[in-house]
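Me: Got a model here that I'd like to talk through. Can you start with how the helix terms work?

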Amino acid sequence: MASPDEITRADNDPAGPAALAPPRWSPLRIIRRYGLAVVTLSFLAAFAGMVLAIIIANIFSRFFHFATLVELFHKPLVVAAMKLSAVTSLTTLGLVVLFCIPAGYALSRYRFFGHAVIDTIIDMPIVMPPLAIGVSLLVLFASTPGRWLGERMDAVGLDRNAAAGIVLCQFLLSAPFAIRAAKAAFEGVDRRLEDLALTLGCTRWQAFWKVALPMARGGVLAGCVMAWARAVGLYGPLMVFVGCVRGKSEVLPNTIYLEVSTGGLEVALAATMVMIAMAGAALVLIHAVAGSKRWWGI
Amino acid sequence: MIDIRDICLTAGKFQLQKASLHVLPGEYFVLMGRTGSGKSLLLQCICGLRRPSSGRIAIDGRDVTGLEPRERNLGYMPQDTGLFPHMNVWRNITFSLRARGVHRSEAVRLTMPLVEMLGIAGLLDRDCRDLSGGEKQKVALARALACRPNALLLDEPVSALDEPARVEVCAELRRVQQDLNLSVIHVCHSLAEAAIADRVGVIDYGQVQQIGPLRQLRENPATKAVARLMRVGNEQRRNLEPGTGSP
């Protein structure tokens, strides 16, 4: 029997001497501690790997030749499609910035009659099949008010069977992403900070520009990138609503489809690489403009 | 000088009922009350973030009841400091001047004495998110004072701080108020904070219960609500009225 002098601190612990011993590593303990991180990071790595695999498969495909890519820039019809893609998607991006940031702000800040209904209507183009939107636009412009609108557009030089129609279609299908993202971003900004800006001498507009918008910048920017990506990659509804006339209403996704249909896989692949490069450049540019250091993992 | 007469306001189920206050020029006034008693609401009415349904608010003799917050020229410091996280300390401090169209270099020149007075010159390039609680309070105070306000409104400015920082910031607030000879309304629910006041007002259930020097409120509480806040013994409380506005 141990004397009182031999009683250690560990013996006094209600859990006994084992309580102070270092924990033993067991598979269950390892799973509990690192399981969540391992599982979630694995899914993340798997998805990023899939995207990278697609890009690498394109680059190393036997159908891809660098010479074809260079040649692509000497084909007037493909260059026209590239230009039309760039012009229409950037115009759509401009419209998205102009309309969707205020719309997202209004949805996040104001409660009004019909708020929930409008909130739901805005989501419709996200859940509707893009082809259905194309068909709906076609039907709309065939109706009496639509024909009147088409005539007005023609009168000011906006051809709905060319760039103007493409922008309209792209805007309708991509704007909901930007509105949704802007709404979520503004909801994340504490409204009291805007009120505080008012007491510091700001007008409501200044509070928006100096406080709400800079604080929601990340989410708003992400929404705009999503909207632009959706616009530049749109194909089906454009074929239905605008049609695809080479040199007039052909955008890059149409070029890829037409080339694949006519057996020009090399040209289609080269056009795909151009689209991947455009998307990559746009993402880098936008993150650089936003000054997001975290993007680089710093 | 701040003169508040019969302010009424309904916010949800809560009501401010004919709240009246008179804060003298250069006076440090502490407004005490329990959580949910309406003290922050009254402060928001004074700085213009809420419009009262009736009553009158005058600052230095000018009726400001219908004016926008920016037209009242009051310094307001909320409970959580409300520093803008996307700006560094400098940009936070000069925010009110820049919002009023003052050029950047002029704004820096105008705020420099204030920055030195508060001892925060070493923090100017720091990110607001990296400051300690006490430093945040000083930066928020500098920001509220940068446009040389007619009066300063402090909404529980030290409630988020630990005891030593609380004492330090309270002393700093009093020193700044005396140096600038400002009228201050300081909202709190702590007797320790009320000790720095020239006069104390107690608000309960949206009604001002009693106003006077702290000593007077402790010795002669007018209502049970005042006695409870002043931690007056039960024996003395029994002889008091429950207080106007209480259910």
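Reply: Axes are lines fitted to C-alpha atoms, for helices over the stretch in contact, and angles run from 0 to 180 degrees between N-to-C directions. Helices themselves are DSSP runs (H or I, at least four residues; strands are E, at least two), numbered from the N terminus. This is a predicted model, where local features need pLDDT of at least 70, side-chain atom pairs count only at pLDDT 80 or more, and totals for chains, interfaces and linings use all residues. Residues are numbered from 1 along each chain as its sequence is written, with chains lettered from A and ligands numbered from 1 in the order in which they are written.

Me: How many helices and strands are in chain A?

Reply: Chain A has 13 helices and 0 strands.

Me: How do α6(A) and α8(A) cross?

Reply: The axes of α6(A) (residues 130-142) and α8(A) (residues 163-187) come within 11 Å and cross at roughly 135 degrees. The two are therefore oblique to each other (under 35 degrees is roughly parallel, over 145 roughly antiparallel, 65 to 115 roughly perpendicular, the rest oblique).

Me: Which residues meet there?

Reply: From α6(A), Pro130(A), Ile133(A), Gly134(A) and Leu137(A) meet Cys169(A), Leu172(A) and Leu173(A) of α8(A), with contact meaning C-beta atoms, placed from the backbone, within 7 Å.

Me: Switching to chain B, what's its mean pLDDT?

Reply: Mean pLDDT (the predictor's confidence in each residue, from 0 to 100) is 87 for chain B, and 94% of its residues reach 70 or more.

Me: Where is confidence lowest in chain B?

Reply: In helix α10 of chain B (residues 234-237), at a mean of 59. Where pLDDT is low, the predicted coordinates should not be read in detail.

Conventions: Two residues are in contact if their C-beta atoms, placed from the backbone, lie within 7 Å.
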